[in-house]
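Please look over the sequence and the model shown here. A short report on the fold follows.

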Amino acid sequence: MGTARETTGIAGLDEVLGGGVPPNRLYVVEGDPGAGKTTLALQFLLEGVRLGQRVLYVTLSETLEELRDVASSHGWALDGIDLLELDSLSERLQEEANYTVYHPSDVELGETIQRMRDEVERLNPERVALDSVSELKILSQTSVRYRREILGLKQFFSGRKCTVLVLDDRTALEGEQQLQSIAHGVLRMEREGREYGNTRRQFHIIKMRGVRFQDGRHDFLIKTGGIELFPRLSANDVFAEQAGVALSGSQPLDALLGGGLDRGSSTLLLGPAGCGKTTLCSQYMLAALERGESVACYMFEESRETFLHRSAGYGMDFKTHLASGLFELVQVDIGELSPGEFANRVQRMVEGRNARFIVIDSLNGYLNGMPSERFLLIHMHELLRYLGEKGVVTILTMAQHGMLGPNMQTPVDVSFLADTVILLRFFEAAGEVRQAISVVKKRRGAHERALREMKIGGSGIRIGEVLRDFEGVLTGVPRYRGKDDRLLKGQAEP
């Protein structure tokens, strides 16, 4: 664990690697064209400049002008980076004497390698980026010779106390594994086009000798200023911080849940659109804010203005808490935001702002940003585990398809991930469409198993008597067996 590391200039990547890469080794950064390899190489070298190191960028595939354009797009100056352009070498060789003895590719390859070595020996840099080896593959012609040349480069650099990044665009399949087997580490940058929204980019460490790194794929962005990588969320190194319950401010609602929501637990609100899921979340959030707790709400469908306007209509004022900074109301565009970036935002809210209450409204919108339902379950399990270990109260909402009747469907079953499941339903009674609430699951303690009416009005949420005179409320089409005097009327709450 005491091994020296060289920081890469990308904070998230250093975190995944446990501090950076071991120095004085050769690493391969591979990815399709446009994956961000050149940007990563420039960040790596600029980090060296920041640390006072001599650095060299060798380009075989891009001109120096193109390289400066890339740097300029990120607001970087290339001052302090020595640049060597080998792009015009082939044209220069073609103008020289005949090739009666050697094949042109032999001469070009030898000249290219030698010129690179001469420049490294002259400058004696501590960091080198070679962009890219595709040209060396072409000039080598055979995988045997390509492997020999790469081995020669590795041996050349190994004695010079120099950390080398070799970029590979994976356009030529022959010899690809040759490079991976020789390198000390292999970092893969992947880009996946989606039918709608931004391209999703992921970082995957294929191998890293002598380093315990965080495995798996990690989302990253390329934006002005460089690459921002979001390490995959892990709860392995966090511990539960506190116990206790979070109250809603409504005694009947807390009683329904056996005294409130447990700290470090997750709750799923399940029901059709418009049944009061977001308003129920608001009740809990307002109570937490009034206790002085930091709260964050991530909305995937509703706008901030709609949320605030509706909440004010129910007597819930969130604007003062927004102004104080205690409440963070985030409107999420899943077309722009990757799941990894979302989890990273939640993590920063918990660790940077000490958020004690997190609401995700709703999982339907979150699901739209996932490649498949299977990934939703994995991401949500990791996120809920992390939040639970941090002692955060988490509320998730999910809208079921349909409004009334027994055929309502859930897009994906996440109920088994949540510690508590609250079911909301519409039902018809006394000539009106009404709402019912019940707690169908609570892992950490007893809860009331009764089915009660819920009414949302200007005074907020009201919980009524047990619906003993009705059967089949959960189907949406109940049978009435008594009087309706147990139903909530329009009068003000006492």
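## A pair of strands to start

Strands β7 and β8 (residues 217-223) pair in the antiparallel sense over 4 bridges. Strands here are DSSP runs (E, at least two residues), helices are DSSP runs too (H or I, at least four residues), and both are numbered from the N terminus. Two strands pair if DSSP finds at least two bridges between them. His204 has Arg217 as its bridge partner in β8.

This is a predicted model, in which local features need pLDDT of at least 70 and side-chain atom pairs count only at pLDDT 80 or more, while totals for chains, interfaces and linings use all residues. Residues are numbered from 1 along each chain as its sequence is written, and side-chain values use heavy atoms, with hydrogens and water left out.

## The other side of β7

β7 (residues 200-208) is also joined to β6 (residues 185-192). These two strands run antiparallel, with 8 bridges between them. Leu187 stands opposite Ile205 in β7. Val186 stands opposite Lys207 in β7.

Is β7 mostly covered or mostly uncovered? It is mostly covered: 7 of the 9 residues of β7 are buried. Buried means under 20% relative accessible area, exposed means over 50%, and partly exposed lies in between (1.4 Å probe, protein chains only).

## The sheet around β7

Now widen the view. An open sheet of 9 strands has the order β3-β2-β4-β5-β1-β6-β7-β8-β9, and its pairing is mixed. β3 (81-85) and β9 (226-230) stand at the edges with a single partner strand each, so one side of each has no neighbour in the sheet. On average, neighbouring strands of this sheet are turned by 25° against each other, direction ignored. Axes are lines fitted to C-alpha atoms, for helices over the stretch in contact, and angles run from 0 to 180 degrees between N-to-C directions.

In a regular strand the side chains alternate between the two faces of the sheet.

## Helices α2 and α3

Helix α3 lies across β2 (55-59) and β3. It runs at about 145° to β3. α3 (residues 64-73) also meets helix α2 (residues 37-50): their axes come within 11 Å and cross at roughly 75°. α2 and α3 are therefore roughly perpendicular to each other. The angle classes are under 35 degrees for roughly parallel, over 145 for roughly antiparallel, 65 to 115 for roughly perpendicular, and oblique for the rest.

Which residues make the contact? Thr38, Thr39 and Leu42 come from α2, and Leu67, Val70 and Ala71 come from α3. Contact means heavy atoms within 4.5 Å. The residues of this contact divide into 4 nonpolar, 2 polar and no charged. Ala, Val, Leu, Ile, Met, Phe, Trp, Tyr, Cys and Pro count as nonpolar, Asp, Glu, Lys and Arg as charged, and the others, Gly among them, as polar.

## A second open sheet

Another open sheet has 9 strands in the order β14-β13-β15-β16-β12-β17-β18-β19-β20, again with mixed pairing. Its edge strands are β14 (327-331) and β20 (460-466), each pairing on one side only. Neighbouring strands of this sheet are turned by 20° against each other on average, direction ignored.

Inside this sheet, β15 (residues 355-361) and β16 (residues 393-400) run parallel, joined by 4 bridges. Phe357 has Val393 as its bridge partner in β16. Helix α13 (residues 339-353) packs on the sheet and touches β13, β14 and β15. The direction of α13 makes about 155° with that of β15. Helix α11 (residues 304-313) lies across β13 (294-299) and β14, running at about 130° to β14.

## Ser282 and the cysteines

Ser282 sits in helix α10 (residues 277-290). Ser282 is buried, with a relative accessible area of 1%. Leaving out residues up to four places away in sequence, Ser282 touches Phe307, Arg310, Ser311, Met316 and Phe318. Tyr314 is 32 residues from Ser282 along the chain, and their C-alpha atoms are separated by 9.9 Å.

How many disulfides does the whole structure hold? A search finds 0. A disulfide is a pair of cysteine sulfur atoms within 2.5 Å. For Cys297, the nearest cysteine sulfur is that of Cys281, 6.9 Å away. Cys297 is buried, with a relative accessible area of 2%. Cys275 also counts as buried, at 0%.

## The whole protein

The protein has 15 helices and 22 strands. Buried residues make up 55% of its 494 residues. Among contacts between residues at least 6 apart in sequence, 69% join residues at least 24 apart.
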